[in-house]
Amino acid sequence: MNSETLANGDARGWTLPVLPLKNTVLFPYLFIPLSVGRPASRAAVEAALASEDKTLVVVAQRDPTNDAPGIDGLHTIGTRATIKKMARSDEGIEILVLGLERVTLQKLEQTEPYLKARVADLPLPSDHDAETEALHRAVLEQSKKVIELTQPEAHVNVQQIAAQTAGPLHLAYLVSSMLGMDAQKQQELLETASIRQALNTVSDSLAHESKVLELRNQISDKAQTEISKEQREYMLRHQMEDIQKELGDINPEKAEVELLREQLTQAALPDEIRKEAERELRRLERIPPASPENQLTRNYLELILELPWQKATEDRLDMPFAQQVLDEDHYGLEDVKQRIIEHLAVLKLNPKAKAPILCFVGPPGVGKTSLGQSIARAMNRKFERVSLGGMHDEAELRGHRRTYIGAMPGRVIQALRRAEVNNPVVMLDEVDKLGHDFRGDPAAALLEILDPAQNHSFRDNYLDLPFDLSKVFFITTANTLDHVPPALLDRLEILRMSGYSEEEKVEIAKRYIVPRQREEAGLTADQLVIPDETIKRVISRYTREAGVRQMEKSLGRVARKIAVRFAEGKTDPVTVSPADLQDLLGPERVMPEQVRRELPAGVATGLAWTETGGEVLYVEASLLPGSHSLRLTGQLGDVMRESAKTAQSFVWAHADALGIDPRQFRTSGVHIHVPAGAVPKDGPSAGVAMIAALASLYTHTPAPTDLAMTGEITLTGLVLPIGGVKEKVLAARRAGIRRVILPSENAKDLRDLPEQVRKEMTFILVENVHDVLAAVLPASVPAAA
């Protein structure tokens, strides 16, 4: 330690390491444990430990958040201290220091690797008079009071406290440290110039602490009293229950029972339902409150009271308004809209007529669910949707019997409970995806729910009371009718919703999707413009669907990408061109269905229907010399395999009429393949394409590239009608094919096509296979055929 006498003559001076403290102050005469973690502070401690007397200067920081304070960041008055104990750890150094005397910082001598300053001794105040003595005794008494409030069982000896301190100032420092005063007040106490001022500061802090402790004790005593009071009330309540049981008096649940009775009196219930509810209420009065049956019965009564037995909304059967609502919400679908208007007209003329049970059938994304919401809005009725997809348990619809734990009413009754009226529009979504197993067949439960002759007195297993469902407007939806049981299908009125053409999709995007996605992205019409060409590119290169759901997702993604630009500060309006889609949506995900430029002999262009719309498929046939078998590949189903065999038999049987050498059938087999091999295919409509492919193969004549065909064939050469005409024609149009062969009986389906499509396409209506081959192979098939 470097000790020297300063220029003022009396004070001693040292050059010592400086240890800054963040949130505390070290007083002379007191010990304090410190955890040293900052590198500069550790270096200062190491330097002090290396000295003979292990001393350093401990100074409080002005700003506790400063991790590297300089001389300006430290208070000018601190405490010279000596390190008494030291222990090292992974986090730093743990030391115990003893404050020796006050010092004042004179000059900073060193900043790296730790602070080192020249300090001068600052003598402690020594004023002592009668007032100081009085303050000293007052602080002792206040300290005794605070200790007793903190530890009521403690016995405090004031004289013992006084004997442990070296004087009034030492007492002030000790009490300040015990009270945990904030660092600023402790620093003011360290810098004080008189004992009287120091004792006044401590006395004020003790008075404040005493009041806080008294209030805390009062709150604690009050809480304890409340707990004791509640325990007493609990005991008295149980005693009262026992007395009431002995006297046969009314049970404690009387208030709740009376409330239910009042609600039952005010409820508009049919006589039969009221009679049953009153019987259950009397039963509830006899059930002990602790019994599980009590809660089950209460829940049952609440369900009866909440169901809309006689509450209904008034229908708005305004035909122009209904047409306006349907046109506002959906583009196209004219036949479907007309059928809906017809049903509403019947209900208007005959309010007692049973509401039809509509079934919207179509691929995903064509607007089946939203059309149900539009019907509800047009009729001014509540709308509820019940999802049937994947439902296996019949009890989901009929409800569980109340004998089971956790029993609940069925979904139809729950929907009416939510709707709060007995004539809502209830949509039973995905009726074709119902399952059935050992728990029952949900489709069988739907028979009673949807049958107008039975549903006027539908009994839910949980409710077990007749509820009139005849006023409910039921709508079902399905992607296909293949999995709907015939008995259920017989109760439904089918409305088919085919896929949209490209022109219709563009109009839907312009009218509904683009404005909605723009609004959801927080953009205005001026900020984002999506031209028709861009929408067409999204439809053809980023989606392959009959509906518009994927298109809406793609356009929504475009809007969000543009919204990011405006959020980052861009202000210029954005017009999205087709070339911009690569950056906004990534690489094109769908390759256009372009017609093959050249078809070798043995290949014909067919058309197929899928749940997502129509598809173009090619039937490929090849001779197998030396074989006599018929090979079929491409994951063909049983019906499609039979069509291939029928086609081969017809061509073989009519070889002479078709100009084919019959010896080819005896010397060569045939392999028929329908790409893509990973996609399962089935159905009879590929028969025409298969017979055209075989005729092209055996006559060695290629089929036209601009001609597609569909139709079922018979062994005698007839061409039978098929379904999905609109989807198949639209698929051919997307692929650039402008001529389509159709069975003559499907001529009636052409009116479902958009007018623009009918103008662009050429339809060849055929009645038999000879008509087909005359159109496919006009130069090779003899005219007599």
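**Figure 1. Glutamate 280 counts as buried, at 3% relative accessibility.** The model shown in this and the following views is predicted. The cut-off for a buried residue is under 20% relative accessible area, so glutamate 280, with 3%, falls into that class. The residue is part of helix H8, which spans residues 271-286. When its neighbours within four places in sequence are set aside, glutamate 280 is in contact with Thr297, Tyr300, Leu301 and Arg402.

**Figure 2. Helices H10 and H11 pack at an angle of about 150°.** Two packed helices are described by the angle between their axes and by the distance between those axes. Helix H10 covers residues 319-329, and its axis lies 10 Å from that of H11. Angles over 145 degrees count as roughly antiparallel, and H10 and H11 are therefore roughly antiparallel to each other. Their crossing is right-handed. On the H10 side, the contact is made by Met319, Ala322, Gln323, Leu326 and Asp327. H11 contributes Lys337, Ile340, Ile341, Leu344, Ala345 and Lys348. Sorted by class, this contact of H10 with H11 has 7 nonpolar, 1 polar and 3 charged residues.

**Figure 3. Five strands form an open sheet with parallel pairing.** The strand order is E9-E10-E13-E8-E14. Strand E9 (383-387) and strand E14 (493-496) are the edge strands, each pairing on one side only. From one strand to the next, the twist averages 25°. Helix H11, residues 334-349, lies across E8, E13 and E14 and runs at about 145° to E14.

**Figure 4. Strands E8 and E13 run parallel and are joined by 4 bridges.** Strand E8 comprises residues 358-361, and strand E13 comprises residues 473-478. Cysteine 359 has threonine 476 in E13 as its bridge partner.

**Figure 5. Strand E7 pairs antiparallel with strand E2 and with strand E6.** Between strand E2 (residues 12-21) and strand E7 (residues 116-121) there are 5 bridges. Threonine 15 stands opposite arginine 118 of E7. Strand E6, residues 93-110, is joined to E7 by 6 bridges. Glutamine 110 has lysine 116 in E7 as its bridge partner.

Conventions:
Residues numbered from 1 in each chain as written. Predicted model: local features only at pLDDT ≥ 70, side-chain atom pairs only at ≥ 80, totals over all residues. Heavy atoms only, no water. Pairing = 2+ DSSP bridges. Helix = DSSP H or I, 4+ residues; strand = E, 2+ residues; numbered from the N terminus. Axes fitted to C-alpha atoms, helices over the stretch in contact; angles between N-to-C directions. Contact = heavy atoms within 4.5 Å. Buried < 20%, exposed > 50% of the residue type's maximum accessible area, 1.4 Å probe, protein only. Parallel < 35°, antiparallel > 145°, perpendicular 65-115°, else oblique. Left-handed = near helix turned anticlockwise from the far one by under 90°. Nonpolar A, V, L, I, M, F, W, Y, C, P; charged D, E, K, R; others polar.
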